[in-house]
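Reader: Could you take me through the packing of this model, one question at a time, and give the cut-offs as the terms come up?

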Amino acid sequence: MRDGDLELRSLEGDDLAYTLSWRNSPDVRKWFLNDAVITEKAHKDWYHRNLSNDKDIVLIGHGGTTKERVCQVSIYNIDESSATAEVGRFVSNPRTVGMGFVRRSIVLLIEFAFSELEMQELYLEVKDDNFRAIELYKSLGFKVTLESEKMLRMGLCRAQ
């Protein structure tokens, strides 16, 4: 998938050191439901478990003039029978925060989910005090569908 200088491809083993360091950054992990530091072994185990899981697609974005790794986005819990899937695990290279790569990657992910995977609805969960992320998701058309203790569930329907 491509949008100008941004390209998304499947996560590979060579990407794991990057994504682990991004995810374990205190400024990033505080926004995850599980905000514990992830070990290298746990990260590699997760990656190897998901290699054969067609219900979990993890993509890495390359962008800019250097084509460096800029972000990770995922679609998972893919349910063909209900045509729904969860999106998330959005993490950014700290050096490229604010350059729009995550937003553009999520747009490509949404387009892929609706056109290629034929999903009818996407959803995500976000901490209710992650105002920057909530505003991003709202700007992409996601709407709050459920509020629970410290979490929001947001959804986006294909017809929107």
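Reader: How many aromatic pairs does the count come to?

Author: This is a predicted model, in which local features need pLDDT of at least 70 and side-chain atom pairs count only at pLDDT 80 or more, while totals for chains, interfaces and linings use all residues. Residues are numbered from 1 along each chain as its sequence is written, and side-chain values use heavy atoms, with hydrogens and water left out. Rings of Phe, Tyr and Trp (its six-membered ring) pair if their centres lie within 6.5 Å, and planes under 30 degrees apart count as stacked, over 60 as edge-to-face and the rest as tilted. By this rule the number of aromatic pairs is two.

Reader: Which geometry, stacked, edge-to-face or tilted, does the pair of F90 and Y137 have?

Author: The pair links distant parts of the chain, with F90 in strand β5 and Y137 in helix α5, 47 residues apart; helices (H or I, at least four residues) and strands (E, at least two) are DSSP runs numbered from the N terminus. The two ring centres are 6.0 Å apart and the planes make 55 degrees, and the pair of F90 and Y137 is tilted.

Reader: Why is the pair of Y137 and F142 put in its class?

Author: Y137 counts as buried because its relative accessibility is 9%, and F142 is buried as well, with a relative accessible area of 2%; buried means under 20% relative accessible area, exposed over 50% and partly exposed in between (1.4 Å probe, protein chains only). Ring pairs link F90, Y137 and F142 into a cluster. The centres of the Y137 and F142 rings are 6.2 Å apart with the planes at 65 degrees, so this pair is edge-to-face.

Reader: Which residues have the most contacts inside the largest nonpolar core?

Author: A nonpolar core is a set of buried Ala, Val, Leu, Ile, Met, Phe, Trp, Tyr and Cys residues joined through side-chain atoms within 4.5 Å. The largest such core has 34 residues, and those with the most contacts inside it are I75, I106, L122, Y137 and F142.

Reader: Which element gives the largest share of this core?

Author: Elements that each supply at least two residues of this core include β3 (56–63), β4 (68–79), β5 (84–92), α4 (101–115) and α5 (131–139). The largest share, nine residues, comes from α4.

Reader: Which residues is F142 in contact with, leaving aside its neighbours within four places in sequence?

Author: Contact means heavy atoms within 4.5 Å, and F142 is itself buried at 2% relative accessible area. With the sequence neighbours left aside, the contacts of F142 are V87, I110, L122, Y123, L124, Y137, M154, G155 and L156.

Reader: Over the face of which residue does R89 lie?

Author: A charge sits over a ring if NZ of Lys or CZ of Arg is within 6 Å of the ring centre and within 35 degrees of the ring normal. The charged end of R23 sits over the ring of F32, 4.3 Å from its centre. R89, at 3.9 Å from the ring centre, lies over the face of Y76.

Reader: What is the phi of R89?

Author: Most residues other than glycine have a negative phi. R89 is in strand β5 and is partly exposed, with a relative accessible area of 21%. Although R89 is not a glycine, its phi is positive, at about 55 degrees.

Reader: Which residues lie nearest the centre of the largest pocket?

Author: On a 1 Å grid over the protein atoms alone, a pocket is an open set of points where a 1.4 Å probe fits, with protein on both sides within 12 Å along at least five of seven lines, and lining residues have an atom within 4 Å of a point. Grid points are joined across faces, edges and corners, and a volume is the space filled by probe spheres set on the points; for the largest pocket it is about 1300 Å³. The largest share of the lining, seven residues, comes from β5. Of the 44 lining residues, those nearest the centre are V28, F32, R89, F90 and V91.
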